[in-house]
Each structure stands twice: as structure tokens, then as C-alpha cells.
Amino acid sequence: MEPPFWWTDMEHSDVEVLLYGENIANYSAPIDSDLPIVKVRKTENPNYLFLTLDTANAISGDYKILLNVYDTHNVVDFRLKERELNSKIRKGFDSSDAIYLVMPDRFANGDSSNDSVDGMTEKVNREFKGGRHGGDIQGIIDHLDYVDQLGATAIWSTPLLEDNEELYSYHGYAQSDLYKIDPRYGTNADYKRLGDELHKRDMKLIMDYVTNHWGAMHWMMQDLPTETWIHKFDDNIGKDFPVAGYANSSYRQSTQMDPNVSKRDAIYAEKGWFVSSMPDINQSDPLVLNYLIQNTIWWIEYAGLDGLRVDTYSYNEKEGIAKWTKAVMDEYPNFNIVGETWLHDQAQIAYWQKDSKIAAIQDYNTHLPSVMDFTLHDALMTAFNENEQHWDKGMIKVYENFVNDFLYPDINNILVFAGNHDTNRINGNALYKGDLAKYKLAMTLVLTTRGIPQLYYGDEIGMGGNRDTDGDGDVRRDFPGGWKADEINAFEKPTDDQKGYQDFTKKLLNYRKNKEVIHTGKLLQYVPENNCYVYFRYREDSGVMVIINNHPEEVTLDLKRFKEGIYTAKEGTEILTDKKLSLRGKLKVSGKTSMVIEYSF
């Protein structure tokens, strides 16, 4: 039975209960329930029965559903729980937060007893980069104080739901049960406890939710409720297509908004499978869409979630994902959802944010509050390796990214990041090569510009990783100290090199934590000169001047140029060094150095 239970006083009060069992659809003459039955839905598969129950005026308690066939009586118990006070008006993450992204299998092993579990195909193998290493929910809980002291205010974990693929199941994106935490990570109760422990620290929990695809090992994939539950391409069955009905996505997400797109290209991009082991879910089927909506709401309510990150958001069916997003936001009006919008053009990313004027041209609205600034990430991956400023090189790349802020309906609700579990690490060998100075430049920008900053676990200790040369497993390395046998414990006793990264990150994150001028202040930027970029975050009575000198040599700034930002302030405090500085005359800035100067009017 899914969902296994529901709550009273929900906006989504007509609950569609999925009952699964051999020939259960034959249990239909008659059907009775303690709760009013709004609708009975059978499909071509007699092993499924969908009952819509009206819970609008019900009180908490146990209710019975009676199924009769001939002289056999079958009773199914359904529980309504009392909703927690103020659940509907919970506040989601926003630009006052800093998000710490963890990949649980690679973060810390808090309970070695669940490393390998009977019934789960893949067993622990820490020697294999693409295998399961044993990290779990308890490991995250054990190190919440570390994350808190670092200065982060929210945790986004890559998916924790069951993934029973034979290989590479550690990433969790090929889910096999949407109502169950993978037992190698812990239990549903452990996940709820993670949320509770975060809330005790005034921190937030963000769930990585996958709407576009499930895993081939999902129990429904073995016995589809309807033939339209997943997308099928029957014309492509053959030796090049390992699964009947499978066709791979073109990954060309720009077809979603292309006014000139061919129908064939649109179909293959939107309905094609991400990979052959991840069937593409058909959100145009009302049963599928409602199943996803209810499952999402169930997890928010059960675990006390403060937000969602939605995987491959722009791969979903446009109309279906908009309905899903609106339904979740109608249930929780102050909630936040950020969609993965991995595109390389600001207009195409802005298209996916709620109330986009670009999407409105096509009479479309996603209702999605937040999107990911991948174009800024693109700039960060190269700009700080470019010592000389040219027309389109160095800090000009960063400047030009913010020029296009006018495209976004809500610029403060943009996720900004230097890297994540799908990209090269910022400290990877091919990028900044473990150069602390470059890391400081990049993270100064991420943590002081507009939007919601996200930090990838391990970046704060200089962890390397290059996806292009060594695969996904290399950018998803184990956090040193997360396993008892680790020789280095960066949680408690980082090396000198690790401490350099850690101290800088901690100082800037904790400074940012209570600075409204950085959370919501306006952004004023100046065209970079000599590869030195200057911008301001300001409010009516205060401001922060950020200087990022990407030139290898010292530059001298004439502060008269920045009078519009400095305004009447005569001096400020450089928060990275705690030094007082005059904001009159000239200011020397060392090569490959950033400065964050706080002042008031």
C-alpha cells in the first residue's frame, strides 16, 4: 500500500491509495471504507487497484478499507496522522543559507553493521571507485557539529532512497523504492532523525528528489501498473537497445524551449531515457503524476524537509513537471525547490524559473522557485587559471555572467556553486591543481555574490578529483576521517594544507551567516581592469566591497572610481584579516588575493 499513511488537514486531501497484490483488482464487489471513496481506478494490470479517499474532514486515527470477492473479506488498515503545527507554512532555504552538499556513501561511515545488507545486490567494496564505500546517515549525524561550525546552515544529500542496481548504486539516482531509505544508509526513522538533529542546530535538510526517471530494478518496473507508466519507443527495439522500448535521451535540453524544434527531436530529448538502467517516467499519465506528487509531499511531511533539489529538472515533461511543482508549492507556499538546470546559456536557465518572462512568451510557467547558475560555474572553472585579462578571458567571464541577471525573475533565489558531485572538483588536478590562492578567489565570489551558495563536501579541505580523466568516482572520494581506519582525520586533525582551506572557508562562511547585506543586498559591479574584479553588496545603511584580484601581481586601485559603491564611507574592516582600511585615496591589492571590506554609512 502506498502511501503507507497520510495526515489530516492537508491541502492534498483526496489521497490516491495504491494497492498492489496478485489479482487485487478483482477484490471489487463491493468496496467499502471508513473514509469516503471518491474514485476507484483499475488498470490493464489486475495486480493494481487505485482508491481515492476523501480525508478533508477526517480526524487522526486508524481507518479500514474493506475489499470483498465472493465470500472472502479482506481488510486493509489506513492511518491518518495529526499534522505537525505550522507544517504548511514551513520556511524553505533561501539566500540567508549556505548549503553543504554531501554524497552520503563517501562522507562518513557511522554504522558499519549496514555496509552490506541481505537482499541488496551490491555489497561494500571500498577499493572500487564506483562501488559502495559504506557511508551512511549515521555518519552525517555524527558530523553535524563539524558542518555547523564550518558555517553552513543546510545540508543537501544526494539521494538516500533505495537503489538496488547491481553496480554503481551508491549514487542513488536509480531508485528502486520511493518510500524506503536504502538500508545501507539506515532506515526511514534515521532520515527523520537527521532532520530533527539539523533543526536542533537551526539548520535545514534538503532532499535530492528524482522525478524524471527511476531505476530498472524498481519493483513497479518488474510489473508496470499501466503501459503508459514509462516512455516507450517500440520502433527502437533491437541489438542497439538493451531494453524493450528503450531509447536514450539526446540530452539536448535546449529543445524544450526551441520555437523551431522538430517534433522528433523534442520527443527524444524529453521522453528518452537518461540511460538504459533508468526508465523515463511518463508524467503525462495522471496516475504517475499524482503518485509523484503524493510521494514528494509524504517525504516533506514525514521527515520535516526544508527544501528539495530536483535532479535533471529540465529533462522532465514540461507540462507534467510544472503541475508537480505547483502542487508541492501549493501545499507549502513558503517552501523552496531548486531544479538542476544544467545549461550553458543564462536565457535557457532563466526559462525554468517561476514567472519567467522568457517562458511566458510560450505561455509556460514552471512554478519552480530556484534554478542553478551553471554559467557562473562554467566561468569559475577556467577564469582563475587565466592570469591575463583579455576581451573574453579572466574576470571578464565572471562579470559578463552577472550582466545577464536581468533575465531571472528572482535573482536572489539562484543556487551558486564552484562544483558538485557531477562536475570536476574546483581543486582537481586539471583545474586549480590544489592552489589555495585560487580556491580563496573562487570561494570569495561564491560566498559573497547574489544567490544561495552551495559548497561540495571536501572542497573546504582541498580535496581533488578530476571527472574527465578518472571518472565520477574520483570527484566523489571518501572524506578523510569518515572511516575509523583512515590515517588522516580532517574532521578533527586536518593536515596543514587541509587546515589552510578549512580556516578560510570557516571564516568566510561564519561571517556570511548573519550578514543581511550579503543575503539580500543589491549587487553593484564594475568592469574588471587588469584582471581585478570589484563589486559591492549594499543596503540603505551599509555595504560590503569585494575585491578579487586575479592578476598574479599587485594592483593599485584608485578608490575614486568606486565612489558610487563606497558612497560616504571613509573606512572599513577587511574581514579576512580583521584590518581597518581607509576607503579614500588608493588601495594596493596583492596578486591572486581577495578582500572583503565591510563598512557602514
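Trainee: Which residue forms a salt bridge with Arg425, and how far apart are the closest N and O atoms?
Mentor: In this predicted model, Arg425 forms a salt bridge with Asp459, and the closest N and O atoms of the pair are 2.7 Å apart.

Trainee: Where do the two sit in the chain?
Mentor: The pair links distant parts of the chain, since Arg425 lies in the loop between β16 and α12, while Asp459 lies in the loop between β17 and α13, 34 residues apart.

Trainee: Are they buried or exposed?
Mentor: Both Arg425 and Asp459 are buried.

Trainee: How many salt bridges does the structure hold?
Mentor: The structure holds 40 salt bridges, and Arg83, Arg90, Glu301 and Glu331 are linked in a network of them.

Trainee: Switching to helices, at what angle do α10 and α11 pack?
Mentor: Helix α10 (residues 374-383) and helix α11 (residues 395-403) pack at about 170°, their axes being 9 Å apart. That angle makes α10 roughly antiparallel to α11. Among the residues making the contact are Thr375 and Leu376 of α10, along with Asn401 and Phe402 of α11.

Trainee: Which side chains does Thr375 make polar contacts with?
Mentor: The side chain of Thr375 makes a polar contact of 2.6 Å with the side chain of Asn401, and a polar contact of 3.0 Å joins the side chains of Thr375 and Asp373. Thr375 counts as buried, because its relative accessibility is 8%.

Notes. Residues numbered from 1 in each chain as written. Predicted model: local features only at pLDDT ≥ 70, side-chain atom pairs only at ≥ 80, totals over all residues. Heavy atoms only, no water. Axes fitted to C-alpha atoms, helices over the stretch in contact; angles between N-to-C directions. Helix = DSSP H or I, 4+ residues; strand = E, 2+ residues; numbered from the N terminus. Parallel < 35°, antiparallel > 145°, perpendicular 65-115°, else oblique. Contact = heavy atoms within 4.5 Å. Buried < 20%, exposed > 50% of the residue type's maximum accessible area, 1.4 Å probe, protein only. Polar contact = N/O pair within 3.5 Å; in protein donor to acceptor, adjacent residues only side chain to side chain. Salt bridge = Lys/Arg side-chain N within 4 Å of Asp/Glu carboxyl O.
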